[in-house]
Amino acid sequence: MDEIDWNDRLIGIKGSRGVGKTTFLLEYAREFFGKDNKECLYINLNHFYFTERTLVDFADEFRSKGGKVLLIDQVFKYPDWSKELRYCYDNFTDLKIVFSGSSVMRLKEANPDLAGKAASYNLRGFSFREFLNLMAGTDFPAFTLDEVIKNHRAIVRDICAVVKPMAYFQDYLHHGFYPFFLEKRNFSENLLKTMNMTLEVDVLYIKQIEQSYLPRLRKLLYLLAVNAPCPLNVSQLSKDVETSRATVMNYIKYLKDARLVNMLYPEGEEFPKKPSRVYMYNSNLMYPIRPMAVNPQAVRESFFYNQVLKDNRLNAVENAPQFSVNGKYLFRIEENMRGKNNPDWFYAVDRMSIEGENIVPLWLFGFLY
């Protein structure tokens, strides 16, 4: 909420299903307007009401009655949503619109209606810092990657003087990324439903894929999940999923857009080339699929990738480190430091036994946002 420039008249909030986009809009209304202020209104475009009423007509009536801020949820469920948002932007200059939608949506280059008009932001799931602050009642700030690299020993001492982060870390890896762990429902079942809804609604609906192809998409996600992180064997996947190599690559890109997987490329390469490795987007996604066979090293690497990705560029490297970050730091993710310490690398270590200039607790990379 603090990152957004609220002076913009058209603001898009994207995010994967389950990260709390609806809650975010309602919290904005509560914090900036209060419950009795009628200048701000929340609507859901998936409501049957909007099968008969156009968004433009509704927005025009709202502003004529004193409305100033319209919060629109589930925008992609409405036909021609981008054209009507553009009309509102061009013609209703006294109205601010904040809308939410799936991470699969394209708001900039691929959407000429909104290019240069909509300010787009990504709402992410909880960082480990946010989870820790929530569960332990602390108020730790976020740090940049360079601050963590240069000052990690002092930062760790300050944090550990207040709380024991490792007491919360495994819980975060299992269920801390999605805010709905706070609800009194079975988290794994809820996450499975969220993953299926992401495939069935976000990917199939927005990418206009026929329903009959859903089983192939689900099988592909399963195969990626049980093998991640892994070099991508597109030929084998195309046989297993019974579709072409090109379709497999497109499906993986859709899964990436839906925040279900991450693709790691060498420096200078990107889609449609084959990635070096595929990861699950966050560690929580690994547990519901095969809870008794989750690879701890895969969890550690997925956590690092997910948390560092927000404001940094990660690439694959050919030798022993798993990640190159921003083209200047080489990172190796370890359970503990038992092998030789290469002074040219940085080590993100899960179970810390020694400290060093280039050895950083893995959990601290959860403090980057």
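**View 1. Surroundings of Ser100 in the predicted model.** Ser100 touches Ile13, Lys21, Leu25, Ile72, Asp73, Gln74 and Val75, with residues up to four places away in sequence not counted; contact means heavy atoms within 4.5 Å. Ser100 lies in strand β4 (residues 96-102), where strands (E, at least two residues) and helices (H or I, at least four) are DSSP runs numbered from the N terminus. Ser100 counts as buried because its relative accessibility is 1%; buried means under 20% relative accessible area, exposed over 50% and partly exposed in between (1.4 Å probe, protein chains only). The model is predicted: local features need pLDDT of at least 70 and side-chain atom pairs count only at pLDDT 80 or more, while totals for chains, interfaces and linings use all residues. Residues are numbered from 1 along each chain as its sequence is written, and side-chain values use heavy atoms, with hydrogens and water left out.

**View 2. Packing of helices α4 and α6.** Helix α4 (residues 128-136) packs against helix α6 (residues 166-175) at an angle of about 120°, and their axes are 10 Å apart. The axes are lines fitted to C-alpha atoms over the stretch in contact, with angles running from 0 to 180 degrees between N-to-C directions. On the α4 side, Phe128, Phe131, Leu132, Met135 and Ala136 meet Tyr168, Phe169, Asp171, Tyr172 and His175 of α6. By class, this contact has eight nonpolar, one polar and one charged residues.

**View 3. Helix α10 and its cover.** Helix α10 (residues 245-257) has 13 residues and reaches 19 Å from its first C-alpha to its last, close to the 18 Å expected at 1.5 Å a residue; the expected span is 1.5 Å times one less than the number of residues. Its buried residues are Val248, Met249, Tyr251, Ile252, Lys253, Tyr254, Leu255 and Asp257. Their cover includes α7 (187-207), α8 (214-227), α9 (234-241) and β6 (261-264). Just after α10, Arg259 adopts a positive phi of about 60°.

**View 4. The largest nonpolar core.** This core has 83 residues, and Phe304 and Phe323 have the most contacts inside it. Helix α8 gives the most to the core, with seven residues. A nonpolar core is a set of buried Ala, Val, Leu, Ile, Met, Phe, Trp, Tyr and Cys residues joined through side-chain atoms within 4.5 Å. A second, separate core of 26 residues includes Ala59, Leu85, Cys88 and Phe99.

**View 5. Asn336 in its loop.** Asn336 is placed in the loop between β10 (329-334) and β11 (346-349). Asn336 counts as buried, at 18% relative accessibility. Beyond residues up to four places away in sequence, Asn336 touches Val349 and Arg351.

Conventions
Nonpolar A, V, L, I, M, F, W, Y, C, P; charged D, E, K, R; others polar.
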